[in-house]
Every structure is written in structure tokens, then in C-alpha cells.
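Subject: Structure handover

Hello,

Here is the structure you are taking over. Please open it first, then read the notes below.

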There are 2 protein chains.
Amino acid sequence: MLSEAILAERTRNMSANAIREILKVVSKPGMISLAGGIPAPDSFPMEIIQELNGRVMHKYASSAFQYDRTEGFEPLCEALSVYLQKKMIHADSDEIVITSGSQGALMALGMILVSKGDFVAVEAPTYLGALTALNPFEPKYVQIATDDDGILPDSLDGILKKHPVKFIYLNPTFQNPTGRSLSLARRQAVADIVRRTQTLLVEDDPYSDLRYRGAALPPIKTLAPGQVVYVGSLSKIFAPGLRIGYAVAPEPIRRWMVLAKQGIDLHTSTFNQALAAEYLFGGYLDKHLPEIIRLYKPRQEAMLASLGRHFPPGFRWSKPEGGMFIWVEGPKNLDAEAVYHLAVEKGVAFVPGKFFFTDPNAGKETMRLNYTMSDGLTLDKAVKTLSQVVAPFGSKAAS
Amino acid sequence: MLSEAILAERTRNMSANAIREILKVVSKPGMISLAGGIPAPDSFPMEIIQELNGRVMHKYASSAFQYDRTEGFEPLCEALSVYLQKKMIHADSDEIVITSGSQGALMALGMILVSKGDFVAVEAPTYLGALTALNPFEPKYVQIATDDDGILPDSLDGILKKHPVKFIYLNPTFQNPTGRSLSLARRQAVADIVRRTQTLLVEDDPYSDLRYRGAALPPIKTLAPGQVVYVGSLSKIFAPGLRIGYAVAPEPIRRWMVLAKQGIDLHTSTFNQALAAEYLFGGYLDKHLPEIIRLYKPRQEAMLASLGRHFPPGFRWSKPEGGMFIWVEGPKNLDAEAVYHLAVEKGVAFVPGKFFFTDPNAGKETMRLNYTMSDGLTLDKAVKTLSQVVAPFGSKAAS
């Protein structure tokens, strides 16, 4: 019997992603889950995928099943180069690295950039999957203060003055977990800061295409292209099970990401990259994206309305213009983890917000609610149940 | 402009996989490549894949495109559990971790096991992709001496007495790069050693199904199950572009591999895992594997015959019973890298063997030849050309 003494020192820093553990618990029948961060299966373009299968078999034949470049399948790199132009990101296909989900991009970045004890600046709260990717490399996290408009540029500025930060990690549009977006003015301020301080920024942007109202915001990549690694994903606009992510990275970062990826997985599935290339090239995304939005927009509206209808005073929540999440902040005395256990007993699951903070004492009164997996009526029922569980914590004004 | 100063310390240990760089050079038209380590595209079961596409869409529908367990798609874990029984490996489906190619398994193992300076024992020569996966974690490699029957148990024993080895990495059947197989007696000796010394052994076995003659050898996993992580791949018996690998690992290794994989890529493509599950479950592998062997066996025989016909005295080569490679050893004064450049000028590429040794001074007189990518006539032409290039290095007896 092998003992845990065989493990590397870094392995102590790896712990199960709390959300994935929660998701195992909540998959039992009858549970209404607001816990997932996953797209609705009925958002997947199943008929289109049938068609893409045929196109790929015909167009690429056996080459879609052969080993391929670590950098990525060339037609997909080209298709993404065109797709990104609509976001005003001008990237040649050879500036793009395809990764196995955006997780694969974050892993490669952690691997090439982070030595033990290096500082990485993250939002408070931040995306948990990024921490899972970076933790094996043993960084020290510093938290950037945030409000309803995303990070406070002054907080970032202060942190960069105080610590030699290796890079900043932001999810500035419809953030996971809060749904919040960094305002245009702050994007410009952040771009100024990273240019002035020559700091690397990793901009993780899986949700920006899921916009239900309001005007598009420019990626920070467009404002400081030489300082930003832009990380994207097709998981929310095509299908997550295909594991297609990508990064647009300035040199020398791009080159080293490719070297790291040789060790990580050699390359991402050629077949899935070919399906993705045809999805973009064939105009299927343009056709299908409005369908996804048509599915999610009323769900988000239903949840926002339900929160307004049922939740007691003393609670506030984000009102995102898109994405997959709403962030609820309760009164300071709220123990959202206790609420989670009570809610699961009543058949409703969500993720306590504390898991999204690198400071173990932060965010105890917060909750992440996902609305993509259920219809409006189900969401209303779930929010009503939740409101009953949290009622005792509402402010005095409620009674 | 970002400078390389931003890179982590470990990144200096990452270098481009020499073979992948060579493969870029040799992809030009007219080149006969013996350099690849890749399956022939006509070995891919294209008609079966068509059928599998339909089966997966019908049987699993949208769940084949959704996020899935980090451990692996359950039907594939079950199918592999049955498949492995034929190799006398008895693994429940929950002892199996699906990875993105065997590369993904080696990466997860390196991540959880190797601290900087830890000793890892490898064959001399060894599989380059394993070094690419482990290098970021900065191990010290110790080379186990080998002969025509694989590693010398006495050499391994001596190394384990001298160094605190974290694990041993072996590719004991139709090894990449030599094509050699560890004999049954040595498998038993190695199993005894790892059991006695309680050392972990990583047994990488991508080629054993490609057997052209002789009797199957038991995986070392069957002889010391508690000490061996068995790593497998469907790349050579299905399609490499689907990136399906797997590991059967004793606890606590398996559990920690799953945690590492959460950070590496969350999970392997659900769709591709579903295709693989149906390939195994539907009896397609049993039907298709003889086709692959029917394709490769005459190619290997042609290359062995050509070597005998054309190569000068002073050269010897492996005569493997299967796999994808033949290993040529020239006289001590042979500079195989110089031969490589001369051969490429004449339209033939191969991989100089020195790249497969962790000792930078070893293997200068060796060459790895692949025979899966060309028919017998083409292989004969290539070997004849090579023989002309190496002729000046042949022993005196030749002239």
C-alpha cells in the first residue's frame, strides 16, 4: 500500500474543487440546482452538431482523427481569428493557441509563469477554476477589492505598488461568480495601469456572448493588447463537453504556452477542433447564439423577479446584463453555508459564495445562484424556498 | 513588450519536444518520413466512426456534449474495465481515470508526485513524451541500463539502493523508441523489486495490442498491482486525434490524479469518450484491430528485410514482435544527427536516437525508424537511401 508520503510538496495545495464536490451531492432526483455553472443541455445545437459531423467527415476525413499541431488545428485558429474581429480583437491565427477548455489555458499559464510564492492578483470573489489551475504552482493570492462595477482600479494600483505581482487574473464580463461586469471607464483605467506598470493581465472571457441587454463592452485586450492574455471558450456558445478553449497571448507567453501544452496534453482533440471550426466558419454560431439567448434571458428575468418578490429586506443581488449567475449578498450575520445545508434538505442547491474568495474569512454571507438550468416557474419555486430558509436572517425591517 | 523574466523558474526546463520540431521540418512534399511516431491514417476506422457518431447521438444525445465527471465518462470507464480483463488487469471502473491522451496521465502523475530534485528512474533510451510531461516539475533522471530484452533488473536494483527514487517509468512492451519488450523473466524480477522496495512503477503501454507475432506478455501491473500505475491509450488502436488515454492507479495515487486533472483540463472530451465507449462496447475494436495489424505487419517485415538487404556491417537493429519502431545502432563513431541532415537532403527523415536519452552524451550512434506510415516499397526505397548515407560509417568488413 502506497502512502501519501510519496506525493510532491505542491500536492498539499490541491484540494477538491468545492463546486464539483457540491455538484455530486446535488445531482439526486428532485433537487432543483442553482449550484451548477453549466449550460442547459437544450442550449446545445444538436441538429447542427449532426450536420457538423457530416461536414467534418467529408471535408477533413482521416486528418480530423490524426495527431495535430500543439498550437491548434489551423482551420479553427483561422475561424477564431475572424470571430474575434467582432470583439475588436485583432489576432492572426498564429497568435492563437487552442486549449482543452479555458481550464487548459489557465493551467499552461500557471505552469509557465508561477514560481512558488509568486503573487497573483485576483478579484474578490474570483473564478474558482482559475485557482484550481494555479494552486499546484503555489502562488500567493492578493485580492483586489470589488464593487457592483467590478474591481476598483485604486485597489489594483495599490496592490501593484505593494507586491511584485506576476499577473492579474480577471473575468471582467458577466463574472463567475457575481455576474458583474467591469465598467468601460474602469476597463480603460485597468488598461492604463497594466501598460504603465508593464504588468501581465489574464482576461478570462467565457460569457461575453451571452448578453441579454445593454451594449457590448470592449475586452481589456483591445485596450492594452501587448499586456493582456485573452482567454476564451466555446463551452457556453457551442458545447462544453467538446472542451474547446483558446488563448490570444503576446510573445513570449504564447510560445511558452505551446511548450507547456506539449507536456500537458500534446494537443486538443483534432475532431472536436474540426467541429468547432465548421461551427464558426459555417455561420452556425451566428444562427444559434440568438437561440441560446432566447433560452436564458427569460430565465434570468424570472430569477431577478423572484428575488424581488420573495427575498427579505437586508438582501441585495447583482442585476447582470448577461451571463449565467446572480450574486446574492445577505446581511453580515448570514451563514450561507448553513443556509446551503438547510436548502438542500428542502430540495434546492446553490453554491455558498465563500468558496470564491482566496481569503478564507471572506464572503460568508454570499451566495451564487445559477439560472441557466431551469425554467422560470422552477426557478421561482426554488427562489421562494430559498427565501424561506434565509428569512430568519433578514433585517429587522422585514418583521 | 513582455520579457522572458516573467517566466517561472521551472520554465527553463521546458524545451520544444525535439521530435515535434523534426516533424515540422519533414512534412514537406516528397519526403519519406521514418521520423513520425504516428499511426497510418488508413489505420483509422473511418466507417466505424461514422457509425459511432450515429450511435452516440442516439444513445447519449445532449449528455455527450455536457460537462462530465473529472474521473471520466462512466460508460467508457466500464468499457475499459472489461477491455483490460483480456490483459489480465482486474480494475473496477472506479479505479480508472480517463485522461487527455496518455500524455494527460503522465502530466497528472508528474504534478502530484515530483518535487524539484526528486529522482525518477527511466530506461536508456526512454519515451520522450514522458520527459516532456515530467520536466516542468524538475526531476533528476537516473538511467536504467538496457539490452535487447529491456531494462536490466540488476541495474534497477542498484539505482534503487543508491537513490530515493520517486517512481520508475517504463514502456515495457514494443517500447518507443526501441521496439523492444521486457522479457517475462525480467517482468517478474521487476515486479519483485518494486514490491520488495515499495517503489511506485509507471507502466506505459500504448503498443501492446499491436502484436504481429509471438505470445502476449503480461503487463507488470498484473504481477505487482499495488505498486503499478498502468497507463494506456486508444491512440494506436482507435484514433490519436480523439486524445483518449487512461490510467489504472492504486490509491491514493488515483484520487490525487483526479484532483490534479481538475486543474489540468476539468475533464476529457465527453463526446470523444462516448465514441470510445461505443467503440469498445460495440465490439468494433475486436473487429478493427486485426485490420490494423494486417496493415502494419507487412510494413515492419519489409523494413526488417530492407535493413538486412541494404545496411552495411557494423550496424544492428531490434527485431520487435510488434509496435511501431525499429531501433538501429551503428558503430561507435556514427554521428546519427549528421546522418539525419544528409538523409533529409536526400528526401528521407528519421529521428536521431540521442533525443531519447536523458544523458546528453548517450546514443549518438542510434536511430529510431518508424514503419507505420509507408508501404513496403516506399520503406525499401527509404532504407536503401539511408544505407547509402550511413555506408561510410560501416565497419571495415563492409569495404
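By what turn and what shift along the axis can chain B be laid on chain A? A turn of 180 degrees and a shift of 0.0 Å do it, with an RMSD of 0.0 Å. That superposition is by least squares on the C-alpha atoms of residues with pLDDT of at least 70 in both copies. The two copies are thus related as by a two-fold rotation axis.

Some ground rules. This is a predicted model, in which local features need pLDDT of at least 70 and side-chain atom pairs count only at pLDDT 80 or more, while totals for chains, interfaces and linings use all residues. Residues are numbered from 1 along each chain as its sequence is written, chains are lettered from A and ligands numbered from 1 in the order written, and side-chain values use heavy atoms, without hydrogens and water.

The interface

Contact means heavy atoms within 4.5 Å. On that basis, 84 residues of chain B touch 84 residues of chain A. About 6800 Å² is buried between the two chains, and carbon and sulfur atoms give 61% of it. Buried area here is the accessible area (1.4 Å probe) that two parts lose on being put together, summed over both.

Between chain B and chain A there are 36 residue pairs in polar contact, both residues at pLDDT 80 or more. A polar contact is a pair of N or O atoms within 3.5 Å; within protein, one must be able to donate a hydrogen and the other to accept it, and residues adjacent in sequence count only if both atoms are side-chain atoms.

Which helix of chain B gives the most to the side that touches chain A? It is α9(B), with 8 residues. This side of chain B divides into 41 nonpolar, 28 polar and 15 charged residues. Ala, Val, Leu, Ile, Met, Phe, Trp, Tyr, Cys and Pro count as nonpolar, Asp, Glu, Lys and Arg as charged, and the others, Gly among them, as polar.

Salt bridges

The whole structure holds 54 salt bridges over all chains. Each is a side-chain nitrogen of Lys or Arg within 4 Å of a carboxyl oxygen of Asp or Glu. Between chain B and chain A the count is 2. One joins B:Glu4 to A:Arg255, at 2.6 Å from N to O.

Others lie within a chain. A:Arg196 meets A:Asp157 at 3.2 Å, N to O. The two sit 39 residues apart, A:Arg196 in helix α7 (residues 184–197) and A:Asp157 in helix α6 (residues 153–162) of chain A. Helices are DSSP runs (H or I, at least four residues) and strands likewise (E, at least two), numbered from the N terminus. A:Arg196 is exposed at 54% relative accessibility, whereas A:Asp157 is buried at 14%. Buried means under 20% relative accessible area, exposed over 50%, and partly exposed in between (1.4 Å probe, protein chains only).

A:Asp380 and A:Arg309 pair at 2.6 Å, N to O. A:Asp380 lies in helix α13 (residues 376–390) and A:Arg309 in helix α11 (residues 284–310) of chain A, so the bridge ties together parts 71 residues apart in sequence. A:Asp380 is buried at 19%; A:Arg309 is exposed at 53%.

Best wishes
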